Amino acid sequence: MYNPYQYVPGSSLVHKLDPRTKIITVIAFSLVIMQVKLISLLAAAAFIVLCSQLSRIPAARLLNTLRPVMPFFIFLFIIYIFFTAGTPLISLGPVQITSEGLAMGVLQVGKFILLVLAASVLTISTSATTLTMGLERLLRPINKLGGSSYDIAMMVTLALRFLPTLLEEMNNINEAQLSRNSNLSSLGLKGKIRSIVYLSLPLTLNFLRCCDELADAMEARCYRHGVRTFLYELHLTPMDYYLIIMVIITTVLCLIYL
Amino acid sequence: MSASNHVSLRSMIYAALFGALTAIGAFIVIPLQPVPITLQSLFTCLAGILLGSSVGAMSQIVYVLLGIIGLPVFAGGKAGIGVLLGPTGGYLLGFIAAALVIGQIVRMKRNPGLLWLILALVAGNLAIYLLGITQLILTTHLSVYQALIIGLLPFLPGDIFKLAAAAWLARMLYQYFPFGRQAS
(Lines give C-alpha, C1' and ligand atoms only; values in the text may rest on other atoms or scores of the structure.)
Protein backbone atom coordinates (compact mmCIF):
# COMPACT_ATOMS: atom_id res chain seq x y z
CA MET A 1 0.00 0.00 0.00
CA TYR A 2 1.12 3.47 -0.80
CA ASN A 3 2.52 5.34 2.20
CA PRO A 4 2.19 9.09 1.78
CA TYR A 5 4.20 10.03 4.84
CA GLN A 6 7.94 10.52 4.81
CA TYR A 7 8.17 10.85 8.59
CA VAL A 8 10.44 8.39 10.40
CA PRO A 9 9.91 8.57 14.17
CA GLY A 10 13.01 9.01 16.27
CA SER A 11 14.43 10.65 19.36
CA SER A 12 17.51 12.35 17.93
CA LEU A 13 18.54 15.94 18.51
CA VAL A 14 17.03 17.04 15.20
CA HIS A 15 13.75 15.25 15.95
CA LYS A 16 13.45 17.08 19.25
CA LEU A 17 13.93 20.58 17.83
CA ASP A 18 10.90 22.80 17.52
CA PRO A 19 9.40 22.60 13.99
CA ARG A 20 9.72 26.40 13.67
CA THR A 21 13.48 26.18 14.16
CA LYS A 22 13.74 23.56 11.46
CA ILE A 23 11.51 25.41 9.00
CA ILE A 24 13.49 28.63 9.49
CA THR A 25 16.76 26.73 9.00
CA VAL A 26 15.59 25.15 5.75
CA ILE A 27 14.38 28.49 4.38
CA ALA A 28 17.67 30.17 5.38
CA PHE A 29 19.63 27.31 3.82
CA SER A 30 17.74 27.67 0.56
CA LEU A 31 18.40 31.42 0.50
CA VAL A 32 22.12 30.85 1.00
CA ILE A 33 22.46 27.97 -1.43
CA MET A 34 21.06 30.00 -4.32
CA GLN A 35 24.10 32.31 -3.96
CA VAL A 36 26.92 29.79 -3.54
CA LYS A 37 29.85 29.12 -5.89
CA LEU A 38 31.21 25.73 -6.83
CA ILE A 39 33.58 25.44 -3.84
CA SER A 40 31.08 26.42 -1.15
CA LEU A 41 28.76 23.80 -2.60
CA LEU A 42 30.92 21.26 -0.76
CA ALA A 43 30.41 23.13 2.52
CA ALA A 44 26.66 23.08 1.95
CA ALA A 45 26.80 19.36 1.20
CA ALA A 46 28.79 18.81 4.40
CA PHE A 47 26.07 20.69 6.32
CA ILE A 48 23.38 18.37 4.95
CA VAL A 49 25.45 15.27 5.78
CA LEU A 50 25.95 16.63 9.31
CA CYS A 51 22.21 17.25 9.76
CA SER A 52 21.25 13.81 8.46
CA GLN A 53 23.86 12.19 10.75
CA LEU A 54 22.56 14.15 13.74
CA SER A 55 19.00 13.11 12.98
CA ARG A 56 20.06 9.44 12.48
CA ILE A 57 17.99 9.16 9.33
CA PRO A 58 18.94 6.12 7.25
CA ALA A 59 20.85 7.41 4.21
CA ALA A 60 18.82 5.22 1.83
CA ARG A 61 15.61 6.79 3.12
CA LEU A 62 16.97 10.27 2.51
CA LEU A 63 18.32 9.53 -0.97
CA ASN A 64 15.02 7.88 -1.85
CA THR A 65 13.34 11.28 -1.71
CA LEU A 66 15.52 12.36 -4.65
CA ARG A 67 14.06 9.75 -6.96
CA PRO A 68 11.01 11.72 -8.15
CA VAL A 69 13.02 14.85 -8.94
CA MET A 70 15.90 13.13 -10.74
CA PRO A 71 14.39 12.93 -14.27
CA PHE A 72 13.90 16.69 -14.37
CA PHE A 73 17.35 17.38 -12.91
CA ILE A 74 19.06 15.09 -15.41
CA PHE A 75 17.21 16.84 -18.22
CA LEU A 76 18.31 20.22 -16.82
CA PHE A 77 21.91 18.99 -16.55
CA ILE A 78 21.89 17.94 -20.21
CA ILE A 79 20.55 21.36 -21.24
CA TYR A 80 23.39 23.02 -19.29
CA ILE A 81 26.28 20.95 -20.62
CA PHE A 82 25.21 21.13 -24.25
CA PHE A 83 23.82 24.63 -24.54
CA THR A 84 26.30 26.78 -22.63
CA ALA A 85 28.78 28.74 -24.73
CA GLY A 86 32.47 28.51 -23.81
CA THR A 87 35.69 26.65 -24.50
CA PRO A 88 34.92 23.20 -25.91
CA LEU A 89 35.94 20.22 -23.81
CA ILE A 90 34.65 17.28 -25.81
CA SER A 91 33.12 17.40 -29.28
CA LEU A 92 30.46 14.91 -30.24
CA GLY A 93 29.80 15.60 -33.91
CA PRO A 94 27.79 18.83 -34.19
CA VAL A 95 27.33 19.30 -30.43
CA GLN A 96 30.07 20.00 -27.95
CA ILE A 97 30.41 19.93 -24.19
CA THR A 98 32.03 23.08 -22.83
CA SER A 99 33.93 23.31 -19.57
CA GLU A 100 31.78 26.27 -18.55
CA GLY A 101 28.69 24.23 -19.28
CA LEU A 102 29.94 21.32 -17.20
CA ALA A 103 30.78 23.58 -14.25
CA MET A 104 27.43 25.35 -14.54
CA GLY A 105 25.56 22.05 -14.76
CA VAL A 106 27.27 20.55 -11.71
CA LEU A 107 26.76 23.75 -9.71
CA GLN A 108 23.10 24.32 -10.56
CA VAL A 109 21.93 20.72 -10.35
CA GLY A 110 24.02 20.23 -7.18
CA LYS A 111 22.25 23.21 -5.62
CA PHE A 112 18.81 21.85 -6.41
CA ILE A 113 19.68 18.38 -5.12
CA LEU A 114 20.93 19.84 -1.82
CA LEU A 115 17.79 21.98 -1.59
CA VAL A 116 15.57 18.91 -1.90
CA LEU A 117 17.71 16.95 0.58
CA ALA A 118 17.53 19.78 3.14
CA ALA A 119 13.74 19.83 2.88
CA SER A 120 13.68 16.04 3.16
CA VAL A 121 15.65 16.10 6.41
CA LEU A 122 12.93 18.44 7.70
CA THR A 123 10.01 16.28 6.62
CA ILE A 124 11.61 12.97 7.62
CA SER A 125 12.41 14.21 11.12
CA THR A 126 9.10 16.01 11.75
CA SER A 127 5.58 14.56 11.64
CA ALA A 128 2.99 16.19 9.40
CA THR A 129 0.90 17.30 12.35
CA THR A 130 3.81 18.96 14.14
CA LEU A 131 4.86 20.68 10.93
CA THR A 132 1.33 21.99 10.43
CA MET A 133 1.42 23.44 13.94
CA GLY A 134 4.83 24.98 13.27
CA LEU A 135 3.60 26.54 10.02
CA GLU A 136 0.53 27.86 11.81
CA ARG A 137 2.73 29.64 14.36
CA LEU A 138 4.97 31.06 11.64
CA LEU A 139 1.91 32.27 9.71
CA ARG A 140 0.43 34.14 12.70
CA PRO A 141 1.40 37.57 11.32
CA ILE A 142 -1.27 37.15 8.60
CA ASN A 143 -3.92 37.30 11.33
CA LYS A 144 -3.18 41.00 11.53
CA LEU A 145 -3.59 41.36 7.77
CA GLY A 146 -7.12 39.94 7.74
CA GLY A 147 -6.29 36.32 7.08
CA SER A 148 -6.49 33.54 9.62
CA SER A 149 -3.61 31.19 10.38
CA TYR A 150 -6.00 29.07 12.44
CA ASP A 151 -8.29 28.56 9.45
CA ILE A 152 -5.33 27.57 7.30
CA ALA A 153 -4.08 25.09 9.89
CA MET A 154 -7.60 23.66 10.19
CA MET A 155 -7.89 23.27 6.41
CA VAL A 156 -4.51 21.55 6.12
CA THR A 157 -5.48 19.18 8.93
CA LEU A 158 -8.81 18.44 7.22
CA ALA A 159 -7.05 17.85 3.90
CA LEU A 160 -4.61 15.49 5.63
CA ARG A 161 -7.59 13.56 6.92
CA PHE A 162 -9.29 13.56 3.49
CA LEU A 163 -6.27 12.22 1.61
CA PRO A 164 -6.32 8.53 2.60
CA THR A 165 -10.11 8.39 2.21
CA LEU A 166 -9.90 10.00 -1.23
CA LEU A 167 -7.22 7.52 -2.29
CA GLU A 168 -9.39 4.62 -1.18
CA GLU A 169 -12.40 6.10 -2.97
CA MET A 170 -10.31 6.53 -6.12
CA ASN A 171 -9.23 2.89 -6.01
CA ASN A 172 -12.87 1.83 -5.55
CA ILE A 173 -13.99 3.83 -8.58
CA ASN A 174 -11.10 2.48 -10.59
CA GLU A 175 -11.88 -1.12 -9.70
CA ALA A 176 -15.60 -0.64 -10.31
CA GLN A 177 -14.84 0.70 -13.78
CA LEU A 178 -12.31 -2.03 -14.54
CA SER A 179 -14.82 -4.69 -13.55
CA ARG A 180 -17.20 -3.11 -16.08
CA ASN A 181 -14.56 -3.41 -18.79
CA SER A 182 -13.33 0.15 -19.05
CA ASN A 183 -9.74 0.38 -20.20
CA LEU A 184 -8.26 3.83 -19.80
CA SER A 185 -4.96 3.17 -21.53
CA SER A 186 -6.25 2.03 -24.89
CA LEU A 187 -8.59 4.92 -25.62
CA GLY A 188 -8.30 7.54 -28.32
CA LEU A 189 -8.00 11.28 -27.77
CA LYS A 190 -11.65 11.90 -27.01
CA GLY A 191 -11.71 8.81 -24.81
CA LYS A 192 -8.85 10.18 -22.73
CA ILE A 193 -10.81 13.31 -21.90
CA ARG A 194 -13.81 11.15 -21.11
CA SER A 195 -11.72 8.92 -18.85
CA ILE A 196 -10.55 11.98 -16.88
CA VAL A 197 -14.16 13.07 -16.46
CA TYR A 198 -15.43 9.60 -15.50
CA LEU A 199 -12.84 9.36 -12.75
CA SER A 200 -13.02 12.88 -11.31
CA LEU A 201 -16.79 13.32 -11.45
CA PRO A 202 -17.73 10.48 -9.06
CA LEU A 203 -14.72 11.27 -6.88
CA THR A 204 -15.86 14.87 -6.40
CA LEU A 205 -19.58 14.14 -6.12
CA ASN A 206 -19.18 11.32 -3.60
CA PHE A 207 -17.11 13.58 -1.43
CA LEU A 208 -19.43 16.57 -1.50
CA ARG A 209 -21.87 14.67 0.68
CA CYS A 210 -19.10 13.84 3.17
CA CYS A 211 -18.14 17.51 3.26
CA ASP A 212 -21.70 18.63 4.00
CA GLU A 213 -22.00 16.09 6.79
CA LEU A 214 -18.68 17.19 8.22
CA ALA A 215 -19.74 20.84 8.14
CA ASP A 216 -22.98 19.99 9.96
CA ALA A 217 -21.13 17.90 12.51
CA MET A 218 -18.62 20.66 13.20
CA GLU A 219 -21.32 23.30 13.46
CA ALA A 220 -23.28 21.07 15.84
CA ARG A 221 -20.19 20.93 18.04
CA CYS A 222 -19.95 24.74 17.97
CA TYR A 223 -16.83 25.06 15.86
CA ARG A 224 -16.21 28.76 15.35
CA HIS A 225 -13.61 31.03 13.88
CA GLY A 226 -11.18 33.05 15.89
CA VAL A 227 -8.31 32.30 18.22
CA ARG A 228 -7.87 28.61 18.82
CA THR A 229 -5.83 26.70 21.35
CA PHE A 230 -4.10 23.37 20.85
CA LEU A 231 -3.94 20.17 22.85
CA TYR A 232 -0.17 20.18 22.62
CA GLU A 233 1.36 23.64 22.50
CA LEU A 234 4.77 24.17 20.94
CA HIS A 235 7.54 25.46 23.15
CA LEU A 236 10.81 27.00 22.04
CA THR A 237 13.66 25.73 24.22
CA PRO A 238 16.80 27.85 24.87
CA MET A 239 18.49 25.53 22.34
CA ASP A 240 15.92 26.58 19.70
CA TYR A 241 16.44 30.30 20.39
CA TYR A 242 20.21 29.81 20.21
CA LEU A 243 19.95 27.96 16.87
CA ILE A 244 17.52 30.46 15.32
CA ILE A 245 19.84 33.35 16.21
CA MET A 246 22.86 31.43 14.85
CA VAL A 247 21.02 30.62 11.62
CA ILE A 248 19.95 34.22 11.08
CA ILE A 249 23.48 35.57 11.72
CA THR A 250 25.08 32.95 9.45
CA THR A 251 22.57 33.62 6.70
CA VAL A 252 23.09 37.37 6.80
CA LEU A 253 26.88 36.91 6.77
CA CYS A 254 26.68 34.46 3.86
CA LEU A 255 24.39 36.71 1.85
CA ILE A 256 26.75 39.66 2.36
CA TYR A 257 30.06 37.92 1.69
CA LEU A 258 29.26 35.23 -0.88
CA MET B 1 -13.94 43.52 7.92
CA SER B 2 -12.83 41.99 4.67
CA ALA B 3 -14.81 39.13 3.18
CA SER B 4 -11.91 36.71 3.60
CA ASN B 5 -12.05 37.29 7.33
CA HIS B 6 -15.33 35.45 7.56
CA VAL B 7 -15.03 32.43 5.36
CA SER B 8 -17.89 30.13 6.21
CA LEU B 9 -17.07 26.77 7.71
CA ARG B 10 -18.56 25.05 4.68
CA SER B 11 -16.34 26.87 2.24
CA MET B 12 -13.33 26.09 4.45
CA ILE B 13 -14.16 22.40 4.24
CA TYR B 14 -14.67 22.64 0.49
CA ALA B 15 -11.30 24.36 0.17
CA ALA B 16 -9.71 21.53 2.17
CA LEU B 17 -11.46 19.04 -0.13
CA PHE B 18 -10.15 20.69 -3.29
CA GLY B 19 -6.69 20.97 -1.77
CA ALA B 20 -6.79 17.23 -1.13
CA LEU B 21 -8.27 16.55 -4.60
CA THR B 22 -5.46 18.54 -6.22
CA ALA B 23 -3.01 16.43 -4.23
CA ILE B 24 -4.76 13.23 -5.32
CA GLY B 25 -4.54 14.51 -8.88
CA ALA B 26 -0.79 13.96 -8.73
CA PHE B 27 -1.39 10.22 -8.34
CA ILE B 28 -3.76 9.91 -11.30
CA VAL B 29 -1.55 9.36 -14.30
CA ILE B 30 -3.05 9.13 -17.76
CA PRO B 31 -0.54 8.00 -20.39
CA LEU B 32 0.14 10.47 -23.19
CA GLN B 33 3.18 11.29 -25.31
CA PRO B 34 5.61 12.85 -24.51
CA VAL B 35 4.71 13.75 -20.91
CA PRO B 36 1.93 11.78 -19.18
CA ILE B 37 -1.00 13.79 -17.83
CA THR B 38 -1.41 14.20 -14.10
CA LEU B 39 -4.54 15.84 -12.85
CA GLN B 40 -3.46 18.47 -10.30
CA SER B 41 -4.13 21.49 -12.48
CA LEU B 42 -7.52 20.01 -13.48
CA PHE B 43 -8.63 20.34 -9.87
CA THR B 44 -7.00 23.76 -9.64
CA CYS B 45 -9.21 24.87 -12.54
CA LEU B 46 -12.29 23.28 -10.98
CA ALA B 47 -11.56 24.96 -7.64
CA GLY B 48 -11.38 28.34 -9.38
CA ILE B 49 -14.64 27.82 -11.26
CA LEU B 50 -16.68 26.14 -8.54
CA LEU B 51 -15.41 27.78 -5.34
CA GLY B 52 -14.71 31.28 -6.62
CA SER B 53 -11.44 33.14 -6.50
CA SER B 54 -10.69 33.53 -2.79
CA VAL B 55 -11.81 30.10 -1.59
CA GLY B 56 -10.31 28.55 -4.73
CA ALA B 57 -6.97 30.19 -4.06
CA MET B 58 -7.24 29.07 -0.44
CA SER B 59 -7.65 25.47 -1.60
CA GLN B 60 -4.46 25.75 -3.63
CA ILE B 61 -2.59 27.24 -0.67
CA VAL B 62 -3.70 24.16 1.29
CA TYR B 63 -2.35 21.97 -1.53
CA VAL B 64 1.04 23.71 -1.53
CA LEU B 65 1.20 23.46 2.28
CA LEU B 66 0.45 19.72 2.07
CA GLY B 67 3.52 19.40 -0.12
CA ILE B 68 5.61 21.59 2.15
CA ILE B 69 4.89 19.42 5.17
CA GLY B 70 6.28 16.46 3.25
CA LEU B 71 3.48 14.66 1.46
CA PRO B 72 4.54 13.61 -2.05
CA VAL B 73 1.75 15.57 -3.69
CA PHE B 74 3.68 17.66 -6.19
CA ALA B 75 3.98 16.36 -9.76
CA GLY B 76 5.74 12.99 -9.93
CA GLY B 77 5.69 12.40 -6.18
CA LYS B 78 7.91 15.33 -5.24
CA ALA B 79 7.54 16.96 -1.84
CA GLY B 80 9.03 19.50 0.49
CA ILE B 81 9.82 23.16 0.63
CA GLY B 82 12.87 22.50 -1.58
CA VAL B 83 10.59 21.93 -4.55
CA LEU B 84 8.73 25.17 -3.89
CA LEU B 85 11.96 27.18 -3.79
CA GLY B 86 13.60 25.20 -6.61
CA PRO B 87 13.29 25.57 -10.37
CA THR B 88 9.77 24.13 -10.72
CA GLY B 89 8.28 25.90 -7.69
CA GLY B 90 6.82 28.70 -9.78
CA TYR B 91 4.21 26.35 -11.20
CA LEU B 92 2.96 25.70 -7.67
CA LEU B 93 2.63 29.42 -6.98
CA GLY B 94 0.99 29.54 -10.40
CA PHE B 95 -1.72 27.16 -9.17
CA ILE B 96 -2.70 29.66 -6.49
CA ALA B 97 -2.71 32.51 -9.01
CA ALA B 98 -4.65 30.41 -11.53
CA ALA B 99 -7.46 29.67 -9.10
CA LEU B 100 -7.66 33.41 -8.32
CA VAL B 101 -7.70 34.41 -12.00
CA ILE B 102 -10.20 31.73 -13.05
CA GLY B 103 -12.50 32.55 -10.13
CA GLN B 104 -12.44 36.25 -10.96
CA ILE B 105 -13.16 35.78 -14.66
CA VAL B 106 -15.94 33.23 -14.14
CA ARG B 107 -17.67 35.49 -11.59
CA MET B 108 -17.80 38.37 -14.08
CA LYS B 109 -20.83 36.75 -15.67
CA ARG B 110 -23.91 35.54 -13.90
CA ASN B 111 -24.30 32.51 -16.12
CA PRO B 112 -20.96 31.81 -17.80
CA GLY B 113 -21.28 29.82 -21.00
CA LEU B 114 -18.86 27.21 -22.25
CA LEU B 115 -16.81 29.75 -24.22
CA TRP B 116 -16.47 32.04 -21.20
CA LEU B 117 -15.36 29.07 -19.07
CA ILE B 118 -12.73 28.13 -21.65
CA LEU B 119 -11.52 31.72 -21.77
CA ALA B 120 -11.15 31.73 -17.97
CA LEU B 121 -9.33 28.39 -18.06
CA VAL B 122 -6.93 29.58 -20.74
CA ALA B 123 -6.18 32.70 -18.67
CA GLY B 124 -5.62 30.53 -15.60
CA ASN B 125 -3.22 28.25 -17.45
CA LEU B 126 -1.35 31.29 -18.75
CA ALA B 127 -0.93 32.43 -15.13
CA ILE B 128 0.56 29.01 -14.25
CA TYR B 129 2.99 29.17 -17.16
CA LEU B 130 3.92 32.79 -16.53
CA LEU B 131 4.87 32.23 -12.87
CA GLY B 132 6.36 28.80 -13.56
CA ILE B 133 8.63 29.92 -16.37
CA THR B 134 9.63 33.12 -14.57
CA GLN B 135 10.88 31.15 -11.57
CA LEU B 136 12.52 28.60 -13.89
CA ILE B 137 14.49 31.40 -15.55
CA LEU B 138 15.34 33.13 -12.27
CA THR B 139 16.63 30.00 -10.54
CA THR B 140 18.38 28.26 -13.43
CA HIS B 141 19.68 31.25 -15.46
CA LEU B 142 18.47 29.59 -18.66
CA SER B 143 17.61 31.74 -21.65
CA VAL B 144 13.92 32.42 -22.26
CA TYR B 145 14.02 30.18 -25.32
CA GLN B 146 15.53 27.26 -23.39
CA ALA B 147 13.08 27.78 -20.55
CA LEU B 148 10.14 27.63 -22.95
CA ILE B 149 11.45 24.34 -24.39
CA ILE B 150 11.64 22.59 -21.03
CA GLY B 151 8.95 24.53 -19.20
CA LEU B 152 6.13 24.92 -21.69
CA LEU B 153 6.26 22.63 -24.72
CA PRO B 154 6.14 19.24 -22.94
CA PHE B 155 3.04 20.20 -20.96
CA LEU B 156 0.96 21.82 -23.70
CA PRO B 157 -0.80 18.71 -25.10
CA GLY B 158 -1.72 17.44 -21.63
CA ASP B 159 -2.99 20.84 -20.57
CA ILE B 160 -5.24 21.09 -23.59
CA PHE B 161 -6.81 17.78 -22.57
CA LYS B 162 -7.22 18.93 -19.02
CA LEU B 163 -8.74 22.20 -20.15
CA ALA B 164 -11.38 20.37 -22.16
CA ALA B 165 -12.07 17.98 -19.29
CA ALA B 166 -12.26 20.83 -16.77
CA ALA B 167 -14.80 22.76 -18.84
CA TRP B 168 -16.91 19.61 -19.27
CA LEU B 169 -16.71 18.73 -15.55
CA ALA B 170 -17.43 22.28 -14.43
CA ARG B 171 -20.65 22.36 -16.48
CA MET B 172 -21.82 19.18 -14.78
CA LEU B 173 -20.76 20.14 -11.26
CA TYR B 174 -21.84 23.78 -11.33
CA GLN B 175 -25.31 23.11 -9.91
CA TYR B 176 -23.84 21.48 -6.79
CA PHE B 177 -21.95 24.59 -5.73
CA PRO B 178 -24.62 27.21 -5.08
CA PHE B 179 -22.61 29.21 -2.55
CA GLY B 180 -19.85 29.80 -5.04
CA ARG B 181 -22.17 31.80 -7.24
CA GLN B 182 -23.60 34.18 -4.69
CA ALA B 183 -20.24 34.99 -3.12
CA SER B 184 -18.77 38.13 -4.56
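1. Helices and strands are counted here as DSSP runs numbered from the N terminus, a helix (H or I) having at least four residues and a strand (E) at least two. By that rule the secondary structure of chain A comes to 10 helices and 2 strands, and from the N terminus on the elements follow the order α-α-α-α-α-β-β-α-α-α-α-α.

2. A word on the basis of this note. This is a predicted model, in which local features need pLDDT of at least 70 and side-chain atom pairs count only at pLDDT 80 or more, while totals for chains, interfaces and linings use all residues. Residues are numbered from 1 along each chain as its sequence is written, chains are lettered from A in the order in which they are written, and side-chain values use heavy atoms, with hydrogens and water left out.

3. On overall form, chain A has a radius of gyration of 24 Å, whereas a compact globule of 258 residues would have one near 18 Å; the radius is taken over C-alpha atoms, and the globule rule is 2.2 Å times the number of residues to the power 0.38. Along its principal axes, the C-alpha trace of chain A spans about 65 × 60 × 35 Å.

4. Of the 258 residues of chain A, 43% count as buried, where buried means under 20% relative accessible area, exposed means over 50%, and partly exposed lies in between (1.4 Å probe, protein chains only). Ser148(A), in the loop between helix H7 (128-138) and helix H8 (149-179) of chain A, is buried because its relative accessible area is 17%.

5. Tyr257(A) belongs to helix H10 (residues 238-257) of chain A, and Tyr257(A) counts as exposed because its relative accessibility is 68%.

6. The contact between the chains deserves a careful look. Contact means heavy atoms within 4.5 Å, and 67 residues from chain A and 62 residues from chain B take part. The size of an interface is often given as the accessible area lost when the parts come together. Between chain A and chain B the buried area is about 5,900 Å², of which carbon and sulfur atoms give 82%; buried area is the accessible area (1.4 Å probe) that two parts lose on being put together, summed over both.

7. The count between chain A and chain B is 2 salt bridges, a salt bridge being a side-chain nitrogen of Lys or Arg within 4 Å of a carboxyl oxygen of Asp or Glu. Arg10(B) forms a salt bridge with Asp212(A), and their closest N and O atoms are 2.9 Å apart.
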